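Here is a short briefing for a reader meeting this structure for the first time. Look at the sequence and the model, then take the points below topic by topic.

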Amino acid sequence: MNALIILIPAALVLGLAALAAFLWSMKSDQYDDLEGASWRIIADDDADT
Amino acid sequence: MAALTRDARTAPFVHTQSSGEHRLELAVPDAHCAACMRAIENALVRLDGVTTARVNLSTRKVAVAWRGAAQSPDSIVTALDRAGFTATPFDPVADTGGVDEDGRFLIRCLGLAGFAAGNVMLFSVAVWAGLGGEMGLGTRTLFHVLSGFIAVPVTLYAGLPFYRSAWRALRAGRANMDVPISLAVLLALALSIYQTAIGADFAYFDASVTLLFFLLIGRVLDNRLRARTRGAAQSLLALQSATARLETSPDQVTTIAARDVAPGDRLVVMPGERIPVDAVVEDGVSDIDIAMVSGESAPVHVRPGDRLGGGALNLGQRLLVRAIATIDGSLVAQLVRIVEAGEQNRSRYVRLADKAARLYVPIVHTLAAAVFIGWWMLAENGFAPAVHNAIATLIITCPCALGLAVPATQVVAVGRLLRANVLVKSGDALERLAEARVAVLDKTGTLTLGRPDLIHGNDPADLADAARLARASRHPLAAALTRAAGQGTIAPAATEHPGLGVEAMIGGETWRLGRAGWTGAVAGDDALELWFARGSRAPVRFAFHDAPRPDVAAFIAGLRARGLAIHLLSGDRESVAARLAADLGIADWRGGILPEDKVAYLNSLGASGAKAVMVGDGLNDAPALAAAHVSIAPASAADAAQAAADFILCGPNLAPILEAIDVARAARRRVLEGFTFSAVYNVFAIPFAAAGLVTPLISAIAMSGSSLVVVLNALRLLKRTPR
C-alpha cells in the first residue's frame, strides 16, 4: 500500500502535465492550420528567406 | 488584382496594434501546396518592415504583420501579385465574431474532461477490482475522496456549456436535451459526494466526468462543423468583388469598399467587373449582362443616361457611372432583405435532434420520477434507494449516443461532400436536403452555362470570314463565334463600334459584323444573333443559344431516379424557357417570371406540403433560394444567391448535387439508426437501473459502448456508395 503514496501523485502529475501540454498547444494556435503544418515538415528550412 | 491605397475608406482592412504593428489578412485562393506556402511567405518576408507572414493552408489565407510606413496593403498585394498569387484583403472582423472563442472554450472543457475521465477511471477501476473484500474501507474512501477532488471542479467547469444551455431553455419554458444531461451530471456528482461521506461502496464520479467527456466530443464536433461551414461560405463571399473603383479626379482612381459608395460618386467599371450599386451611365457605351439580376440571357446595350441595376456585369467597354444609391438602397440590398426574411422563415425548422429531445426529455423524467416514487412507497426504509435508483436511471439514460449521433454523422457527411466539391453551409441543411421531394431549377447559369454558344449550321467559309472580325471584339457573342471558329487571323484595322458591331475594310469592301439594322438585315425576334455583311452580298445570320451544361440530361435523369419531381422556373423569355424544357422533357415549367413570382411559387409549393430543393444562381433567384426548404447555388452565382443558399457547388458539373442528395439521405438514415439504437439501448438499460442493479461499472460500460457504436455507424458514411 505504501507504493500508492508515490504512484497516485505520479499518475496525477503525469496526467496534469499532459493536460497542461494540451492547453498550451491550443493557446499557441497549433491546431489552426492542420493542413499547412503537415507540409511545413517536409519543406526545407534553409530555403531562401 | 485589387489595387488598394491607404485611402481612409480601405483602412478597415488593416488592424493596427497598440505596439504599432499593422496586421492584414488576405485570402489567397491559389495557395494549395508547400511550395506555394514558401513562395508567398518568402515574397512577403523579404519586403521592408514586414515582421511576420504566415500562410494558413486550411483556410487559404495569409496573415501579414509589418511595422512602420514602408508597406501598405497596396504594396503587399502587389508583391503577392509579382509572386504569382492573386490576393484579396479579407476583413477578419466579420469572420471571427466570437465563434472561435466558443470553440476554444469547448476544447478546453473537452481537454479537462478527458484528463478527469482518465484519472478518475484509474481510481474507479481499482475500486471495482477490489470490491471482493481485498480493499479496505479506508483505501476505498481515500480513492473516492481523490476522485472527488478531480471530478467536482472539472464537472462544474467543463459542464458549463450544458448548464448554460439548459438554464436558457428552462427560463424560456422549454426543455432541451441539455436539461436531462445537466440533471444527470449534477445529480451523479451530488450522490457521489454523499456516498463518499457515508463510506458507501459506490461513487459515480467517473460517470459524471465520462458523460461530460463523450457529450463534449459531440459538442466540439458540432462547433467545428459550424465554424468550418460558416468560414467556407464567408471566404467565398469575401472573395467576390466587394470593392468599387472611385474616380476622385479625372485621372485618379482609388479602390474603396462597395459599402462605402455614396450617391453621386463617380465610379469606373472595367470590362468583366460588376456594377456595385444602382447607377446611371455618364460616359461610355457597352453591353451588360443582367443574367444574374433577372435571368435574361441576352446582353443588354447601354449608353449614357441609361440606368443600371447593381449586380449587372459589364461585358464590353470601360464605363463611367454615377452612383444613385448606396449599397443598402440598391436592388442587390433589397433582394438581400427578401433573402433575410426567407431565412428567418427557415430558422423555424426543427432539427432532428431537437425533435428527438422533445420526445425523450419528458419520458426520461417521468421514468426517473416513477422509479423514485415506486421505491419510496414500496420498499421498506426506501428513501435512500429511491434517490439512488432515480439518479441511476437518469445517468444510464443520459443521451450520450443521442448527442453524438447527429454531430458525428454531419461532420463525416460534410467532409465527404467537401471532397465532392460541395460546400455545406449548415448541418441542418443536410437534414432538409434529405427531405426534399421536389426540385425547382433555375435556367440561366444553372442548367445552362450562362454564356452564349454558336448554334452550328453556318457555311464554314462564312464562319471563317466572320471570325476574322469577331476576334477584334470582346463582346460575348463575338467571343462565342471566335470559340466556334477556332484559330485564325484577325482582320487588319478592324474597328469596334460599341453597341453596333465590328467593321473592317477587306479587299475594297466594307465588312460588318453586328446588329441586324447596322448590317442592313431585318431584325428577327431573337436577341441572340449576329449578322454578317460583306459589301453588297446578302447578310448572313449567326444564331446563338445559351448552351445547357454538359451533364444536364444525366442530372435530370438522376433527380428523377431519386424520386424528385422537377419544376423549371426562368426569368428568361418564355420561348427560350420552353425550348429548354422541351429538350429536357420537363413538363412543369414557367418562363418570364419575376423574383417575387419565384418566391410565391415556392411558398405555394411549401403550403401544399411539398418540400422543395431550389437550385439557382442569379440575384433574382436569391429570394427564392431563401424561401425554399433547402437550396443549392453554383460557385459562379451572385453573392446574394450564395449567401442565401445552403449548399455551394464548386466546379462546372451538376452531378455533385446528386451526390449531395445521396449523402444527405444516407446521413439521415445513419442519424435515425443512431436514435433507434439509443432507444433500444434505453429499453434494456432502464429496467436494470430502476431495479437498482446498475453499478458504476455497468453504467461506464454501457455509456462508452453505446457512444462508440453510434460513432462507428456514422463513419460508415465514408464508404464510396452510400445508397
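In this predicted model, L26(B) stands opposite V62(B) in strand β4 of chain B. That pair belongs to a join of seven bridges between β2(B) and β4(B), residues 61-67. The two strands run antiparallel.

**Strands β1 and β2 of chain B**

- β2(B) also pairs with β1(B): three bridges join residues 14-16 to residues 21-27.
- This pairing is antiparallel too.
- V14(B) has L24(B) in β2(B) as its bridge partner.
- β1(B) and β2(B) make a hairpin, with four residues between them.
- In the turn, G20(B) has a positive phi of about 90 degrees.
- The loop between β1 and β2 of chain B also holds S18(B).
- Is S18(B) buried or exposed? S18(B) has 5 other C-beta atoms within 10 Å, so it counts as exposed; the cut-off for exposed is 12 or fewer.
- From S18(B) to I566(B), the C-alpha atoms are 58 Å apart, and the two residues are separated by 548 positions along the chain.

**An open sheet in chain B**

- Three strands of chain B form an open sheet, in the order β11-β10-β13.
- The pairing in this sheet is antiparallel.
- Why is one side of β11(B) and of β13(B) left without a neighbour in the sheet? β11 (300-302) and β13 (313-314) stand at the edges, and each has a single partner strand, so one side of each has no neighbour there.
- β10(B), residues 286-289, is joined to β13(B) by two bridges.
- I288(B) stands opposite N314(B) in β13(B).
- In general, strands of a sheet pair through backbone hydrogen bonds, either parallel or antiparallel.

**Helix α5 of chain B**

- α5(B) covers residues 137-158, which is 22 residues.
- The helix reaches 30 Å from its first C-alpha to its last, close to the 32 Å expected at 1.5 Å a residue.
- Where does α5(B) bend? The bend is at A151(B) and amounts to about 25 degrees.
- A proline, P153(B), follows within four residues of that bend.
- A151(B) is also one of the buried residues of α5(B).
- Others buried in α5(B) include R140(B), F143(B), H144(B), S147(B) and I150(B).
- Further along, V154(B), T155(B) and A158(B) are buried as well.
- An α-helix has 3.6 residues a turn, so residues three or four places apart point the same way.

- N421(B) lies in the loop between α13 (400-419) and β15 (422-424) of chain B.
- N421(B) is not a glycine, yet it has a positive phi of about 70 degrees.
- With 17 C-beta neighbours inside 10 Å, N421(B) counts as partly exposed.
- S704(B) sits in helix α24 of chain B, residues 696-715.
- S704(B) has 15 other C-beta atoms within 10 Å, so it is partly exposed; a buried residue would need 20 or more.
- S704(B) and R534(B) are 82 Å apart, C-alpha to C-alpha, and 170 residues apart in sequence.

**Chain B as a whole**

- Chain B has 723 residues, and 48% of them count as buried.
- Its secondary structure comprises 24 helices and 27 strands.
- Among contacts in chain B with a separation of 6 or more, 67% are between residues 24 or more positions apart.
- The domain assignment gives domain 1 (1-96), domain 2 (104-231 + 349-408 + 670-718), domain 3 (242-275 + 277-326), domain 4 (421-450 + 549-665) and domain 5 (451-548).
- Taken over C-alpha atoms, the centres of domain 2 and domain 5 of chain B are 74 Å apart.

- Chain A has two helices and zero strands.
- Of its 49 residues, 2% are buried.
- How many residues of chain A are in contact with chain B? 21 residues of chain A touch 21 residues of chain B.
- On the chain A side, α1 (2-27) and α2 (34-42) are the elements that give two or more residues.
- α1(A) gives the most, with nine residues.
- By class, this side of chain A has 14 nonpolar, three polar and four charged residues.

Conventions:
Residues numbered from 1 in each chain as written. Chains lettered and ligands numbered in written order. Predicted model: local features only at pLDDT ≥ 70, side-chain atom pairs only at ≥ 80, totals over all residues. Contact = placed C-beta atoms within 7 Å. Pairing = 2+ DSSP bridges. Nonpolar A, V, L, I, M, F, W, Y, C, P; charged D, E, K, R; others polar. Domains from an automatic or database assignment. Expected span 1.5 Å × (residues − 1). Bend = angle between axes of the 7 residues up to and from the residue.
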